[in-house]
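Here is a short briefing on a protein and its ligand. Keep the sequence and the 3D view open as you read.

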Amino acid sequence: EDADRLAAFEARVAADEFIEPKDWMPEAYRKTLVRQISQHAHSEIVGMLPEGNWISRAPTLRRKAILLAKVQDEAGHGLYLYCAAETLGTSRDEMTQALLEGRAKYSTIFNYPTLTWADIAAIGWLVDGAAIMNQVPLQRASYGPYARAMVKVCKEESFHQRQGYEAMMALAAGTPEQKAMAQDALDRWWWPSLMMFGPPDDQSPNSEQSMRWRIKRESNDALRQKFVDMTVPQAELIGLSLSDADLKWNKEKGGYDFGTPDWDEFFAVVRGEGPVARERMKARRDAWESGAWVRAAAMAHADKRAARFAA
Ligand code: FAQ
């Protein structure tokens, strides 16, 4: 009977139908979705920290209002994604425990520090840019709740990317000091942004199965290439250079050749050895602990209301 259900499931996936929460699905499919979606959710939430660091120091009121709104958007993305993962039968508490105990990951990119205001511009331009490149195909992921969450997330990320590029453009057209600050931020964020797409395809253990199940629709390397091709002309337009001696237009392939990211650094950051990894995890642990009374109060309130409703 299981073989029949598996065959029916695979046929639906192959026909590009969405799989919904109450549908039968193989346990391994459920497990890899919880893994990817919860890690994605954790990334959105941890991703609030590097930018949050600059809210009180944004250079103008306009920039501050935009940054506040952007960081709130990331919180919203985290919440949709936790909800999408919950439809697979896991709870928000379980996912948070997994993060705090180091059993779940979050994106390597958020383990780098935001040293200057230009880092905020670079994050919008590059990190949100890479995030959209990776998430647009996820709008067609086979699991319905994940795919639908991605639609709204992508619209917002696209706005984030433009505001980041616009902020970078302003710095690049500013004083020599501002332009140098923009270039320095680009130098520091470029390689970590390329690493966001994950390890090279031949070192990506989850890719083959996730592509077959149409959770991932494009490979890590294919998306990385698209991101480079999109970003190089944007850097040129604002007079900034990319710190890659191997970067060269390749006419035959119709894309850029580029250097190899430092994969040892990537795997070290994945293992939790990033420059500010401890600080990030401490912030999450502190938030969870200091928010305990809010969760308890909300539950008590809900119980009281339910009791009144039942009476
Ligand atoms: N960081 O076999 P693969 C954002 C892990 S966007 C950390 O290739 P997979 C928006 C991977 O989990 C950022 N770990 O894995 C924002 C696996 O370990 P596991 C979040 C990484 O899943 C912007 C192992 O390496 N976006 O937050 C990374 O098939 C600005 C082997 O890798 C998403 O999560 C990495 N970069 O492909 C917020 C998108 N790469 O789990 C604030 C959804 C790989 O077996 C401010 N996720 N690993 O223990 C995906 O598309 C996929 O999960 C990939 C990895 C492509 C990230």
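Asn220 sits in helix H10, residues 220–237. Helices here are DSSP runs of H or I with at least four residues, strands are E runs of at least two, and both are numbered from the N terminus. This is a predicted model: local features need pLDDT of at least 70, side-chain atom pairs count only at pLDDT 80 or more, and totals for chains, interfaces and linings use all residues. Residues are numbered from 1 along each chain as its sequence is written, and side-chain values use heavy atoms, with hydrogens and water left out.

**Asn220 and its surroundings**

- Asn220 is buried, with a relative accessible area of 5%. Buried means under 20%, exposed over 50%, and partly exposed in between, using a 1.4 Å probe and protein chains only.
- The side chain of Asn220 reaches the backbone oxygen of Pro199 at 3.0 Å.
- Residues that Asn220 touches include Phe197, Asp201 and Ser207, leaving aside residues up to four places away in sequence. Contact means heavy atoms within 4.5 Å.
- An N or O atom in the Asn220 side chain also lies 2.9 Å from an oxygen atom of the ligand.

**The ligand and its shell**

- The protein covers 90% of the 1,100 Å² of accessible area that the ligand has on its own. These areas come from the Shrake-Rupley method with a 1.4 Å probe; for residues, only the protein chains shown count as cover.
- A backbone N or O atom of Thr108 lies 2.9 Å from a ligand nitrogen atom.
- A polar side-chain atom of Gln36 is 3.5 Å from a nitrogen atom of the ligand.
- The ligand is surrounded by 35 residues, and the closest are Arg35, Lys105, Thr108, Ser204 and Lys216. A residue counts as near if one of its heavy atoms lies within 4 Å.
- H2 gives the largest share of this shell, six residues.
- The shell divides into 13 nonpolar, 13 polar and nine charged residues. Ala, Val, Leu, Ile, Met, Phe, Trp, Tyr, Cys and Pro count as nonpolar, Asp, Glu, Lys and Arg as charged, and the others, Gly among them, as polar.

**Helix H5**

- H5 spans residues 92–100, and its buried residues are Met95, Thr96, Ala98, Leu99 and Leu100.
- Those buried residues pack against H2, H4 and helix H12 (277–290).
- Gly102 follows H5 and has a positive phi, near 80°.

**Confidence**

- The mean pLDDT of the protein is 97, and 100% of its residues reach 70 or more. pLDDT is the predictor's confidence in each residue, from 0 to 100.
- For the complex, the predictor gives an ipTM of 0.98 and a pTM of 0.96.

Notes:
A polar contact is a pair of N or O atoms within 3.5 Å; within protein, one must be able to donate a hydrogen and the other to accept it, and residues adjacent in sequence count only if both atoms are side-chain atoms.
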